[in-house]
Amino acid sequence: MKMLVNTDITIRDKSAWVRWLPNALPAAGYITLDNASAERVDITKVTSPDYRIITIYDTVYDEEGSRAVKRDKVTIPANGGFLFVPGEHHLMLEQPTRLIKPGDDTVVVFFLSDGKVIKTRIPVRTSPEPY
C-alpha cells in the first residue's frame with residue numbers, strides 16, 4: 001500500500017513525544033501539526049503498527065475537575081496549527097503490539113480528510129524533555 005504524504009502539513013520541531021507508562025498502561029501522545037495551505041484539513045483517523053487502538057481526546061475542565069472527552073476528528077485550520085499538548089488535547093495509545101519502553105520510537109499514522117496520510121516516528125519518554 002502506497003502512503004501519500006501531505007506536504008502542506010508539517011510537524012513542529014521537537015513537539016512530538018509519547019508519555020510512557022509501565023505495565024502496558026495506555027500512553028498519551030503529543031504533537032503539533034502545522035498547516036501551510038489555504039484550506040483546512042481534518043484528521044479523521046489515527047493508527048499505529050505499535051498500538052491496537054489510538055483515540056483522540058480533549059481535556060475538559062468543570063467544577064468537578066477534569067475529564068477526557070473523545071473526539072471523532074480534529075481540524076487543522078488553514079494557515080494554522082493544532083496542538084496535542086498536556087492538559088488540552090492528546091492521543092490515547094492503547095494495547096501495545098510489542099514491548100515499548102522509554103527511548104524507543106513509535107510509528108503514528110494520521111489519515112487526513114483530503115485523502116492524504118502523514119506517517120511519523122514519535123519518541124517515547126517519561127517526560128517531555130529529550131533524553
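Predicted model: local features only at pLDDT ≥ 70, side-chain atom pairs only at ≥ 80, totals over all residues.

Let me begin with the overall dimensions. The C-alpha atoms occupy a box of roughly 45 × 40 × 25 Å along the principal axes. For a chain of 131 residues, a compact globule would have a radius of gyration near 14 Å, and the protein chain, at 15 Å, agrees with that. Of these 131 residues, 39% count as buried. Among the contacts with a separation of 6 or more, 67% are between residues 24 or more positions apart.

As for the surface, the protein chain exposes about 7600 Å², of which carbon and sulfur atoms supply 51%. The charged side chains comprise 17 positive and 17 negative ones, and the centres of the two sets lie 7 Å apart.

I now turn to strand β3, which covers residues 27-35. How many of its residues are buried? The count is nine of nine, so that β3 is mostly covered, where buried means under 20% relative accessible area. In a regular strand the side chains alternate between the two faces of the sheet. In β3, A27, G29, I31, L33 and N35 point one way, while A28, Y30, T32 and D34 point the other way, and all are buried.

Which strands pair with β3? β1 runs antiparallel to β3 and is joined to it by three bridges; here I9 has N35 as its bridge partner. β2 also pairs with β3 in the antiparallel sense, over three bridges, and R19 stands opposite A28. Strand β9, residues 89-96, is antiparallel to β3 as well, with three bridges, and in this pairing G29 stands opposite L91. Finally, five bridges join β3 to strand β8, residues 80-84, again antiparallel, and L33 has F82 as its bridge partner there.

A further set of pairings involves strand β4, residues 41-47. β4 pairs in the antiparallel sense with strand β7, residues 74-76, over three bridges, and V41 is partnered by I76. β4 also pairs with strand β10, residues 105-112, in the antiparallel sense over four bridges. In that pairing, T47 stands opposite V109.

I shall close with two loop residues. Most residues other than glycine have a negative phi. K14, in the loop between β1 and β2, has a positive phi near 65 degrees. Is K14 buried or exposed? K14 counts as exposed because its relative accessibility is 74%, and the cut-off for that class is over 50%. N23, in the loop between β2 and β3, also is not a glycine and has a positive phi, of about 60 degrees. With a relative accessible area of 72%, N23 is exposed.

Notes:
Residues numbered from 1 in each chain as written. Heavy atoms only, no water. Rg over C-alpha atoms; globule rule 2.2 N^0.38 Å. Buried < 20%, exposed > 50% of the residue type's maximum accessible area, 1.4 Å probe, protein only. Contact = heavy atoms within 4.5 Å. Areas by Shrake-Rupley, 256 points an atom, 1.4 Å probe, with all protein chains shown as cover. Lys, Arg positive; Asp, Glu negative; His and termini not counted. Charge placed at Lys NZ, Arg CZ, Asp CG, Glu CD. Pairing = 2+ DSSP bridges.
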